[in-house]
Amino acid sequence: MAKGQAERDAEAVADVRRQARSADSALRPVLNNVASSLDIERMAARTFENQLKLLYGRVSDFVRALIAGGEDTRAVLVNASRLPMEDLLTRLGMGDMIQSFTAAQVAALRSAENAARAAGFDDLGALDPSEPVLRAALDRTLEAFWQEQVVLPTRRAILDAAVDALTATSMEGVAQRVERTLDTTAARATTEARTEIARWNRTVQAVSAAETDAELFAYLGPVDGVTRPFCRVLAQHILTKEQVAELDNGQTADSPLTSGGGYNCRHVFNPVSRAFAERSGLPFATDADVAQANRRAA
């Protein structure tokens, strides 16, 4: 039986922790912080999934209550789709979801700080979420992610129900279709939530690198059966800033510094000091390694 995403996520965390146990003493705390960041991603996605199921269950109950009203069902559903959907969803539980997700982002921020300090940047202060790049990333989550993955799909599901009500022989069938649509939406939104928190983690690492003027990066994460060829070449290597700039994961338009190996990647470019790199036990990537990774990504 194929493994589910949740099981693969848990195994990825366990793999990095195993790496930490067998790593040189200098590298061990960095790997443990990478594992912590992956665990934050895993738990954020799991919490999001569970909370979204509850939210959409309440939306389904709301639609059923409208249908049971005995009035012109189509008109009632159309009017419901025109409600301030953010307000409705917030009353049904989306506000708690946003708080949980934002808390995970803050936890990832602190984990990145710890990883940078363990990697030789002892004087790194607290990263400020109001810093322009981080603020932009948080705003993207609040303004784009929640709209695209929760608010708009809910509005579309209710509008589809209004169209169905024109020809439906049974209002129960209309209600069931809303539930099926929201189930499909929830699965897709959970995948996007995992991607969103991973994107945030890499953005935090990029800001950490800028704050410390890092010239070197350790590419860290699990090495398992689902590791991409691109990542397998580079994992557990030190790369220069110039080498990172030459990378192309073949999947995303943005730099691998913030996208890793591409969609659902579990790896991160952790900024490291020169002194740390030399005592970490990790090999330095060659230009040939960079070229090979790019070829395997193509």
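In the predicted model, helix 1 (residues 5-22) packs against helix 2 (residues 28-67) at an angle of about 170°, and their axes lie 8 Å apart. Angles over 145 degrees count as roughly antiparallel, and helix 1 and helix 2 are therefore roughly antiparallel to each other. On the side of helix 1, the residues that meet helix 2 include Asp 9, Val 13, Val 16, Arg 17 and Ala 20, while helix 2 contributes, among others, Arg 28, Leu 31, Val 34, Leu 38 and Arg 42. Sorted by class, this contact of helix 1 with helix 2 comprises nine nonpolar, three polar and six charged residues.

Nonpolar side chains tend to be buried together in soluble globular proteins. In this model, the largest nonpolar core has 67 residues, and those with the most contacts inside it are Phe 48, Leu 52, Leu 55, Val 150, Trp 200 and Leu 239. Among the elements that give two or more residues to this core are helix 2, helix 5 (132-167), helix 6 (171-212) and strand 1 (216-220). Leu 239 touches, among other residues, Phe 217, Tyr 219, Leu 247, Phe 269 and Val 290, when residues up to four places away in sequence are not counted.

A search of the whole structure for disulfides finds zero. Cys 231 is in no disulfide, and the nearest cysteine sulfur, that of Cys 265, is 3.8 Å away, which is too far for a bond. Cys 231 is buried, with a relative accessible area of 1%, and Cys 265 is also buried, with a relative accessible area of 4%.

How values were computed: Residues numbered from 1 in each chain as written. Predicted model: local features only at pLDDT ≥ 70, side-chain atom pairs only at ≥ 80, totals over all residues. Heavy atoms only, no water. Axes fitted to C-alpha atoms, helices over the stretch in contact; angles between N-to-C directions. Helix = DSSP H or I, 4+ residues; strand = E, 2+ residues; numbered from the N terminus. Parallel < 35°, antiparallel > 145°, perpendicular 65-115°, else oblique. Contact = heavy atoms within 4.5 Å. Nonpolar A, V, L, I, M, F, W, Y, C, P; charged D, E, K, R; others polar. Disulfide = S-S within 2.5 Å. Buried < 20%, exposed > 50% of the residue type's maximum accessible area, 1.4 Å probe, protein only. Core = buried A, V, L, I, M, F, W, Y, C linked by side-chain atoms within 4.5 Å.
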